[in-house]
Amino acid sequence: MKPAFKILCIALLLCILQTRSLLHAEATKSAQALYSDFLYDFFEKSGFKPEKQLLQNTLSYEFPYNVVIALNKEKDKKKLIIAIPQQDIKTAVPVLTAFIQKLTAENFDYRIDFVFTANDYSPVPTADELNAGTYYNAGSLSYIENLETKENTAAFLIRLQTDTVFSHPKRKNGTEIIPGGRGEYGTGTLIPRPLFTLITDAFYKADINYYIKDSFLSLYRLGLTQSDPLISTWLTAHIPAVMFKTNAEHPNYLLNGIEQCIRQYASLQTVGTETHYSIFRIFNRTLWISEKTYIVFLSLAAALTLCLFFIFSFIRGAHRYIHREEFFKTWYLIPLTIGVTALLLFFAQFITAQIIGSRTDAALFFLSVKTVFAVTFFVFGFFPLIYYIFKLPLTGFIYGYLLSVAGFLNIFLFAAIDITLILLFIFEYIIIYISRTMRKVFPLIGCMIFMLLPFAPFINALTGFNSELCFRFISGARFGYNILFAAILLPFLIMIVRILIRFKLWKRRGSEAKSKIRMHAVFAAVFFVCFFTVTFAVSFVLRSVYKNKNASQPIETKAVSLIPERIVQFERSIFTLKLSSKLPVIRYRIEVRSQTVLPVLESNYPYDMFLKPFTAVFALDDYPPEPFTLSFSAQGINNTVCAVTAYIKTETGIQTEKLSYTITGVPK
């Protein structure tokens, strides 16, 4: 009898939960959920066989859901995914319908999935512990989680927008291509070259104007560009993905290019794995430089450079013996300078972080602070001290030679990080080699300015840094990043030394040298005080402006109300939480805490009990129904605390409102 009685109790409990969930029928769906219904019905009436795909965090049709149209569903050994956020297609549904109908009439030998994703680009930020376990691009992640296999699969992500990038007359009908983003562990990544080649060839045949965002592709591989979160979601899942952005008023131009890509994708044997390549557009034609080509460049540069200054510098000239002796006296300056400069950069990073904060959007300003600090203390502190202690030679040849060695070593150092950087550092080395025979100050200054030209793409990328990138590479950079930055600064530091030698700044000995050292120390101390005073003042003004710009007004009155209900049944409690709001709610996050291992036994929505101890977390998807009803069962003996966080859409942005309710336990 006892087992039968337990089965009966569980059946009654599930019936009560199901009865409670019928309260949802009285709720009004959000506009986003209603639009998912509209898309499904529209595509079904258009003759397709659409599928509804529930989002992982709710598994409910009361929330928005994905709409999937699969073509050639049985040919799933090879797949092409075309994903479009639902919020982008409201004005393009008829055009997309005609496009899909056109492809349906053709029998491709691989599967094509059109995925209209819901709740991508959530307006609620997720960069905090509060939102742990919540999907940012819920629609795309839900689709990826339901994939049976990721082999022989690629994804085209389409955004139909009205951004200012398309307002220019020449780009009105153009398409912006984003070929990379963040992959697994936050590392930068690119789509494989065969897939990228297919896209550029298809766009050329379809006569599509396209523009590659951050066409200097090393920025993607090094993670130095602000990546789009949607394409990063797909790349993190190891699915080659490329994003196309075009004007929402003229989607046909892009769809013509996509159609050509679909036709050529059939003949693509493999997506490939080569991601170390460069692309240049010359007269609307595409020039590719492969990884093998870069290796050839590296070998030729190494052979030529070795001949130029490791052989010719010491076998030619009347002063070759003096040059050898000078080199043996100064060879250690290269590793020593890199180490000391890295320490100065790290120290400057620590000091400036204490004054202006470690997280900032002013990446160029923060990097300038670090650089000026390190360069100044090297030139007026470290080098004079080393010169007077070790009696270094002050001839133009040896420092020009050390400059060449530094440029040569940087070619190999940064080629090991990203082989496509070879051309940049070869160009820098050519300028360095030209400057070796120069003796006058102004030509040397001109060469140092030209040495900055190869780094123009990186300097430009700094202006697009967000807080995360700034913290990772500048304000909170690890010591290894500072060593790499010191290696980049090394040729510039030696060039500055060459310029100052022409002014005979250090050519003194004895008591005069000691007084010169003291004068440099005083100058460095004065500079230190003045530099950080100005830095603090500028940073204070920038932070005040940024704070005032992003200040938001709090909600004056409570917008969300919570009505709890409890029914005790068979020593268990059935809880029903009814949440309603006067303002539009983007998302609810609910935590149920109780002093028991299983704070929740069953519920009408998924929950996670591994994020926090003794807590069941309902990290719900965006755009809930109004009112929203959560039903769950618990033991009910201990007190149960229900904490609700509501993200509310207001005129000033997304506001957070928190409320909590404690339900007293019922003793046995």
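**View 1. Leu-287 in its strand.** Leu-287 is partly exposed, with a relative accessible area of 40%. Here, buried means under 20% relative accessible area, exposed over 50%, and partly exposed in between (1.4 Å probe, protein chains only). Leu-287 sits in strand E12, residues 285-289. Strands (E, at least two residues) and helices (H or I, at least four) are DSSP runs, numbered from the N terminus. The model is predicted: local features need pLDDT of at least 70, side-chain atom pairs count only at pLDDT 80 or more, and totals for chains, interfaces and linings use all residues. Residues are numbered from 1 along each chain as its sequence is written, and side-chain values use heavy atoms, leaving out hydrogens and water.

**View 2. Helix H5.** Helix H5 covers residues 193-205. Which residues of H5 are buried? They are Leu-195, Phe-196, Thr-197, Leu-198, Ile-199, Thr-200, Ala-202 and Phe-203. Just after H5, Asp-207 has a positive phi of about 55°.

**View 3. The whole chain.** The chain has 19 helices and 20 strands. Of its 668 residues, 50% are buried. Take contacts (heavy atoms within 4.5 Å) between residues at least 6 apart in sequence: 78% join residues at least 24 apart. The chain exposes about 32,500 Å² (Shrake-Rupley method, 1.4 Å probe). Carbon and sulfur atoms supply 62% of that area.

Definitions and conventions: The expected span of a helix is 1.5 Å times one less than its number of residues.
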